[in-house]
Amino acid sequence: MNDQVGGNQKQARFQRLCQSLRPDLLRFAFWLSRDRALAEDVVQETMLRAWKAQDSLLDEAAAKPWFLTIIRREYARSFERKRFVTVDVDELVAREEPLLAAAEEQDLAEMRAAMFKLPDEYREPLVLQVLMGFSTAEIARELNLSGAAVLTRLFRARKQLRVLCGEDTSLDPQE
Amino acid sequence: MMDCTAYRRSMMADPTDPDRELREHRDGCHECTEFTGKLLSFEARLKRALRVTLSAEEPAAQTVVPLRAKAAPRATAYRKGTFAMAASVLLAVVVAGVLWVAAPGSSLAADVVTHMGGEPGSWLQTDVPVSGVELQSVLRDSHVTLAAGAGLVSYASSCAFRGHRVPHLVIQTESGPVTVMVLVHEGVRKPLRFDEQGYRGVIVPVAGHGSLAVLTHGPSTDLKTVELIAAQVLNSITWTS
């Protein structure tokens, strides 16, 4: 009886954790895939896998990176199931236009479209840092890179993004 | 000694890096201070741009694991039709629009919190006040003066916020640094409390002068204390127009 109550409480806590993290996880999956429908599928699968593997989450404070690792694996698996031949960025932007343009300011919509144009290797660490609040060390661990490599990618990501957004880059450093 | 190129490279890799060497270089270099201001403004917009609203975030559409277990198999999920997708996008836009209209206050709080993320360096705990001239200059455009009773103001900046320049102050209190934003152009009908991304605060209406946002960072200060500080700050403000 006590075991069942404890189990229910644990499940309820895990469910609350999933609900609280879901919006950011969905945003991360969206910026990773640049496809809202795929992002929703990836997050759903992630939640299922996380539910089954919840005992392996020993510390709730570490839940975010734990979920992100599952999302990245699940996203990679989606490539195994689907054969993506080429990626036409303009087509991606056009497809998600209602979402990208749903901003109160025009420059936010432009920045979102510019984010779509960033190469994966720059977009992902930038999203991890800015949206998910990851430190350089955490990004390095998640992406299996050195700290220096992460910093280089973040620098290049912002440099490219600023150019794509038409920012004044006269004071930006060269490579 | 760090040079400008190294400083700017570091900042473009991590604009929130609190490294002392970076701060020292910035304090002594006018061009890099200007560069940093522009970069942080860009960063604040980037953060807001990334916080895109997705349909499944709305409570009615939020599906948690046990419900998903009863849902359609995965293969079906991947075969969503064009109509279903278009309908869900349309629904998301409508729901987002309705929520935007129904809850302007909460989106204002989100924008205030996002703005904080662009100025992490302002949260320093210090006993060094900004100069009176600097403070006056920041407050002048909003037709505000601040009496000494508000506390020690350690940071004052005129920030771009929702298309207007607004005073952004940091006041040192017994509970630590507290940020105050004077939002003359943003009215709220009733006090709005928020606790988001590690920021805890309140936006209080100011009759005839928009609203005042007061917030703290970190777990040490509760919302009641923030509200008391907000009342104290409000009492110290004089509107000059």
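Colleague: Which residue of β3(B) is the bridge partner of Tyr155(B)?

Modeller: The partner of Tyr155(B) is Val170(B), and Phe161(B) is bridged to His164(B) in β3(B). The model is predicted, with local features needing pLDDT of at least 70 and side-chain atom pairs pLDDT 80 or more, while totals for chains, interfaces and linings use all residues. Residues are numbered from 1 along each chain as its sequence is written, and chains are lettered from A and ligands numbered from 1 in the order of writing.

Colleague: Why are β2(B) and β3(B) called paired strands?

Modeller: Strands (DSSP runs of E, at least two residues, numbered from the N terminus) pair if DSSP finds at least two bridges between them. β2(B) and β3(B), the latter covering residues 164-173, have 9 bridges in the antiparallel sense, and therefore they meet that definition.

Colleague: What makes a group of residues a nonpolar core?

Modeller: The members must be buried Ala, Val, Leu, Ile, Met, Phe, Trp, Tyr or Cys residues joined through C-beta atoms within 7 Å, where buried means that 20 or more other C-beta atoms, placed from the backbone, lie within 10 Å of the residue's own. The largest such core has 53 residues, among which Phe28(A), Ala29(A), Val43(A) and Ile71(A) touch the most other members. A second, separate core of 36 residues includes Phe161(B), the residue bridged to His164(B).

Note on methods: Helices (H or I, at least four residues) and strands (E, at least two) are DSSP runs, numbered from the N terminus. A residue is buried if 20 or more other C-beta atoms lie within 10 Å of its own, exposed if 12 or fewer, and partly exposed in between; C-beta atoms are placed from the backbone.
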